[in-house]
Amino acid sequence: MTRYICIHGHFYQPPRENAWLEEVELQDSAHPYHDWNERITAECYAANATSRILNDQDNIVDIVNNYASISYNFGPTLLAWMEKHAPAVYQLIIAADETSRKKFGGHGSAMAQAYNHMIMPLASPRDKETQILWGIEDFRHRFGRRPEGMWLPETAVDNETLDIMAQNGIRFAILAPHQAHRIKKPDADEWEDVSGGHIDPTVAYAVSLPSGQPFSLFFYDGAISSAVAFEKLLYKGEMFADRLMSGFSEERDAPQMLHIATDGESYGHHHSHGDMALAYALHTIESENLAQITNYGQFLENHPPEYEVEIFENSSWSCSHGVGRWKEDCGCHTGGHPDWHQAWRKPLREALDWLRDTIAPLYEKQLEKYFTDPWQTRNAYIEVLIKRNGNPQAVESFLEKHATVSLGSEEKILCLKLLELQRQAMLMYTSCGWFFDELSGIETVQIIQYAGRVIQLSTDLFEKEFEADFLDLLEKAPSNIPEHKNGRRIYEKFVKPAIVDLKTVCAHYAVSSLFKEETGSETIYCYDVEQEAYKHESVGNASLAVGQALVRSATTRESDRFCFGILHWGDHNISGSVQKCGKDEFASLESDNLFQTFSQAAFPETLKILEEKLGTVAYSLRTLFRDQQRDITQKILSTTMENIIGIYRQIYEANLPLLRFLKDANMPAPQALLASAEYVANVDLQHMLEKDDFDPEKIRQVIEEAEMAGVSIDAPAVEMSIRRCLENKSTAFHDTPSDIDLLEHLNDLLTVLSYFPFEINLRKVQNIIYDVLVNVYPEKQKAAAADTAEQHWMEIFESVCGKLKLEV
């Protein structure tokens, strides 16, 4: 009996990009990271690309890329984010597929995914086709080959979806065992019922489809997959390996493939160090020849299906009611609020369906003037999506290739807006919008935001009102939280204020210009702002800026020109106006009267002149997009915070002996004293760690003093600071590994680690130094025999490796 093991990880995050800015904005809930994509990348995606194998002393003896030894899929929208924001991790994920092809007989381990995680049985036939085609083309663009398999979001399945996949060259998919209904040999008359998860998960199955195209299904081992996700099986690699081996049956003589499938985030995000358990289990199985590691493509080639299977259509892996979780209050929820209902799910889907179906014929009628088939044109639009970042010619190439008539600049803008309309209309069906418990959750607000973008584009394109009818339907979706009431209130509270147009972008540019040393043309997310005129003067803490700018969307190419005037009264008080204008209107705005009035500190009169020239004052600090709003607010607060830290420091230093006494006496310190002490200690640590040449001894003193006084260190923020400091120093050393001063400084910095009362994430530092260990150390070792300088380098480097738990 031949034993095979295949572990599949479904790595996915919902699209989190602001629907108007095409970037993920600051998410405070992900602190100390910028957003959840960044946090989960650090905890999971990067961890699995550089996972550790430890020896008995818990020293790192190898760093491995788990992706090269497992089956995996990444959501296309997540990979697009990662390509831009975590390129090193992205490249390791792509490279792992090439490695796996060499390892598994030419079959890559990466699988495609339906584009934006839409629940396919609930999708329209057109959306099913586009989701599959976009998933395939995105995969081809990134991995340089056609995908063999495709992951179905939530493994939600129907035969129509499988048939579209098969007709487009996909060979297999993975389902949960309870999604199998019955099986039989091809020449048998009788079917065997395997419902309830009783199917043999160790072989592949053929499924008959209307088109007659061949297609195979794998049904993962449900019990072991569940143990990985929910039963702490990843606590130890040995436990994981033993449990995997227990899945084989001694009663079967035929080849068996034990395979599991879970969310990839189990390996590091949901379960800390889960990536290491995975790496150790794979290492143990391979090194001890317990089984042969394989992937689905290789197994399918060597062991084609001997049985046919019929599935339960409209079923999934995460809803015991089929696909009810994404369309109704079926009873499925996360368990966090057992008293909450999900009665909002049905009216939310009905509102989105109405919007999609209302705009579809309007889109079709408009676009067929320029393209043969509007829906095939939408399918082909993926050509633009995968290339437009950094390649402005991609749009021109697409339009020239597919349009049936020569397009002028205004017609190009129209066509791009129509196609963007359709992209947003699919993004609003991302599955996470229904998965969780509450209508006002960030995932659900995100898909409603996509609907808001659809409404904005539709209103502009078709000169009709859509928002009122949409909100009438959305109002029927009740929230569990009284203050949010229903979908209408949530739209008005969270979506309406987020809506962006060209004028808003110009207002952001104008307000932010007040806080820059130099201003000029710049790119603001997916908009280009060309400065045509600008004048800025200050009086004390107040400042006035007026200007003219051309704002252009990089996505739709629409543009407009604006004049602006912004008055900063001091602190957070900012007022301004923006108005569309002609090319030569700035001169009237730059009148001596305006700046003369301002120079006399007559600010109300200055604002009145701005209103007369540019219309109602409607813009303030709130106008700024979230990241820049936070940055500028911090600048405004800096002087205030310096004054506060001075006061807090006096309180802390004056009462430090008292705090020590209270701690030694096991008596609680007054909250006011603790607050001032904690603030001072953490600010001091942050400032020290920001310096290139900080003194480790001073770090130790601050931490010891805080501990003696019973003061808590802000672990997430300080950990991130020391981590980034060490990463920067390690990178500098990696680039010039012979620099002994850098090496000694890094060695000194690592001494600091033992002072902190919490663990420092050293993964990236270890990766960097491990590369030096593998590629530089051997040559240094040879040279050290005859060179005392190289001997000294060796001693310091080995000390660094010891502190990083790297086995030399």
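Start at Phe 603: with a relative accessibility of 15%, this residue counts as buried (buried is under 20% relative accessible area, exposed over 50%, partly exposed in between, using a 1.4 Å probe and protein chains only). Before moving on, note that this is a predicted model, where local features need pLDDT of at least 70, side-chain atom pairs count only at pLDDT 80 or more, and totals for chains, interfaces and linings use all residues. Residues are numbered from 1 along each chain as its sequence is written, and side-chain values use heavy atoms, with hydrogens and water left out.

**Stop 1: a ring pair**

Rings of Phe, Tyr and Trp (its six-membered ring) pair if their centres lie within 6.5 Å; planes under 30 degrees apart are stacked, over 60 edge-to-face, the rest tilted. The pair links distant parts of the chain: Trp 569 is in strand S18 (residues 559–570) and Phe 603 in helix H22 (residues 603–614), 34 residues apart. Helices (H or I, at least four residues) and strands (E, at least two) are DSSP runs, numbered from the N terminus. Trp 569 is partly exposed, at 32%.

**Stop 2**

Tyr 72 is buried at 1%. Phe 74 is buried at 5%. Next, select Tyr 4, Phe 172, Phe 218, Tyr 296 and Phe 299, which ring pairs link into a cluster.

**Stop 3: two helices**

Show H10 (residues 345–367) and H14 (residues 409–427). They pack at about 155°, with axes 10 Å apart. Axes are lines fitted to C-alpha atoms, for helices over the stretch in contact, and angles run from 0 to 180 degrees between N-to-C directions. H10 is therefore roughly antiparallel to H14 (over 145 degrees; under 35 is roughly parallel, 65 to 115 roughly perpendicular, the rest oblique). Pick out the contact residues, including Ile 359 and Tyr 363 of H10 and Leu 414 and Cys 415 of H14. Contact means heavy atoms within 4.5 Å.

**Stop 4: Pro 15**

Which loop holds Pro 15? Look between strand S1 (3–11) and helix H1 (36–49). Pro 15 is buried, at 5%. Select what Pro 15 touches, not counting residues up to four places away in sequence: Thr 77, Leu 427, Thr 430, Gln 446 and Tyr 450.
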